[in-house]
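I opened my notebook beside the model today and kept a running list of what I looked up. The entries follow in the order I made them.

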Amino acid sequence: MTRDTAIDTISAYFDDNRFQTELADLVSYETESQNPDQAPELTRYLEQAMLPRLTAMGFTCKTYPNPVANAGPFLIAERHEGDDLPTVLSYGHGDVIRAQTDQWRDGLHPFQIVEEGDRLYGRGTADNKGQHLINIAALDAVLQTRGALGFNCRIIIETGEETGSPGLAEFFTAHKDDLSADVLIASDGPRLQPETPTMFMGSRGGVTFDLIVDLRNGAHHSGNWGGLLADPAMILAQALSTITDARGQIKIAEWRPDSLTDDVRAALRGLPIEGGDGPAINPDWGEESLTPVERAYGWNSFAILAMKSGVPDAPVNAISAHARATCQLRYVVGTTPEDILPALRRHLDAHGFDSVRIEPHDRGFFRATRLDPGHPWVKFVARSLEQTSGQAPHILPNLAGSLPNDCFSDILGLPTVWVPHSYRGCSQHAPDEHVLKPVCRDALRLMVGLFWDIGTGDTPRA
């Protein structure tokens, strides 16, 4: 039995529609972690969808409650083949973002797979059920072909990533021995381009917070009180305008990182970022001195996610008493996370906006992480992906989005390599979420090749 045999096995799994059938089953679990009414579905997903599948592959499985009250449970699966073999840890999250059922177009439903051309629609197809199914199916194909993986494997499935992974850090700290490994190899996020494999070794951090102006009780007639009462929306808009300039360039010194080194620039140089099904990039937005790919993967970005004052859907002739903006900073390694909000406070005060209150979100924080692109595990994975696909993968120092990667890199002390199986136009976190069938088939083949190569014994060792 050979590497090619294993890849042929997984190709048949996809071509016979077994992947689509298994993905449809996973999608049918309504695992909205943002919806408290669906909490039982999180447990059901682990115990009915994941546990039997992994047990049949020779994994020993156990589910655990979350150390944070009312947060979703965890599953750890382990297949141990030898004390002298390397151990690979993998990860997935079984929860999904809110369904937004009434916003999906006619003929689609978030918890039913619908196949249209090269697309498979359904909530979780891209984020993240389809991605961890691909990795589990790839492991299974290696087992079917070789009779063994040739390495030890542990898998952690959480059910709260879409609410900020509550309890994950505490759980990892308490179960470090159960999760020890030589490397994390997992999948989330999109490829840079659908037709080319992508790797990333960390993620930008994220901190989400509200800026609030509260001036008085109740609104007051704009004719009788206009020009006499301070307008909270105007104050908030003026405060927000000091954070960036007119093209979105950050003006808070502490939010401007020092980590866009020549090595990082070299790793990013030439990587594609335009094209695909997403919106056209605005060339005159963001840090003017940087290329678009440097702005997305090597720099910080500030966004206003939502704003509210008065009653937007039914405005009245009144000066509001209250204004709020929900904001977010995505940041790279080289930014001091503990100083992000204190620096904002100092900045607002220096500009005369001491009336603007900062309220951090309880679960709106991920830390930035990054692994050197020259790390031996990065080179190993890149060689394997290139052997299978016939083309060099795109290699990113970190994802532009945020993941709980710090739990793996900082708490468990692992090198982390992510191989995403989606694409940027997949509509994750939005209506009409989908994956591309050609990307799924290609990803299955890539992961079989990678797991086969790990099992040959010629892997980096700590």
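**Entry: L371.** I asked which residues L371 is in contact with, leaving aside its neighbours within four places in sequence. I found M201, V378, P397, P415 and T416, where contact means heavy atoms within 4.5 Å. L371 sits in the loop between β15 (357–366) and α11 (376–389). Helices here are DSSP runs of H or I with at least four residues, strands are runs of E with at least two, and both are numbered from the N terminus. I noted L371 as buried, at 15% relative accessibility. For the cut-offs, buried means under 20% relative accessible area, exposed over 50%, and partly exposed in between, with a 1.4 Å probe and protein chains only. I also looked at L211, which is 160 residues from L371 along the chain; their C-alpha atoms are separated by 33 Å.

**Ground rules.** I am working with a predicted model, in which local features need pLDDT of at least 70, side-chain atom pairs count only at pLDDT 80 or more, and totals for chains, interfaces and linings use all residues. Residues are numbered from 1 along each chain as its sequence is written, and side-chain values use heavy atoms, with hydrogens and water left out.

**Entry: P460.** Next I went to the segment after α13 (437–454), where P460 lies. P460 is buried too, with a relative accessible area of 16%. Not counting residues up to four places away in sequence, P460 touches P376, W377 and F380. I checked P460 against T31 as well: they are 429 residues apart in sequence and 37 Å apart in space, C-alpha to C-alpha.

**Entry: the whole protein.** I then stepped back for the overall picture. I counted 13 helices and 19 strands. The radius of gyration is 23 Å, close to the 23 Å that the globule rule gives for 462 residues, so the protein is as compact as a globular protein of that length. That radius is taken over C-alpha atoms, and the rule is 2.2 Å times the number of residues to the power 0.38. Along its principal axes the C-alpha trace spans about 85 × 50 × 45 Å. Buried residues make up 55% of the 462. Of the contacts with a separation of 6 or more, 80% come from residues 24 or more positions apart.

**Entry: α3 and α4.** How do the axes of helix α3 (residues 39–55) and helix α4 (residues 129–146) cross? They come within 11 Å and cross at roughly 20°. I fitted the axes as lines to C-alpha atoms over the stretch in contact, with angles from 0 to 180 degrees between N-to-C directions. That makes α3 roughly parallel to α4; angles under 35 degrees count as roughly parallel, over 145 as roughly antiparallel, 65 to 115 as roughly perpendicular, and the rest as oblique. On the α3 side I listed Y45, M50, R53 and L54, and on the α4 side K129, H132, I136, A137 and D140.

**Entry: C61.** I found C61 in strand β1 (residues 60–64). Leaving aside neighbours within four places in sequence, C61 is in contact with L51, L54, T55, I76 and A77. From C61 to I155 it is 94 residues in sequence and 9.2 Å in space, C-alpha to C-alpha.

**Entry: cysteines.** How many disulfides does a search of the whole structure find? It finds 0, with a disulfide taken as a pair of cysteine sulfur atoms within 2.5 Å. For C407 the nearest cysteine sulfur, that of C153, is 19 Å away. C407 is buried, with a relative accessible area of 4%. For C426 the nearest cysteine sulfur is that of C440, 11 Å away, and C426 is buried at 1%.

Entry: Most residues other than glycine have a negative phi, and most peptide bonds are trans. I picked out these exceptions.

- A cis peptide bond joins D127 and N128, with omega about 10°; N128 is in the loop between β5 (119–121) and α4.
- S165 has a positive phi of about 55°, in the loop between β6 (152–158) and α5 (168–174), and counts as buried at 4% relative accessibility.
- S427 has a positive phi near 65°, in the loop between β18 (422–423) and β19 (434–436), and counts as partly exposed at 27% relative accessibility.
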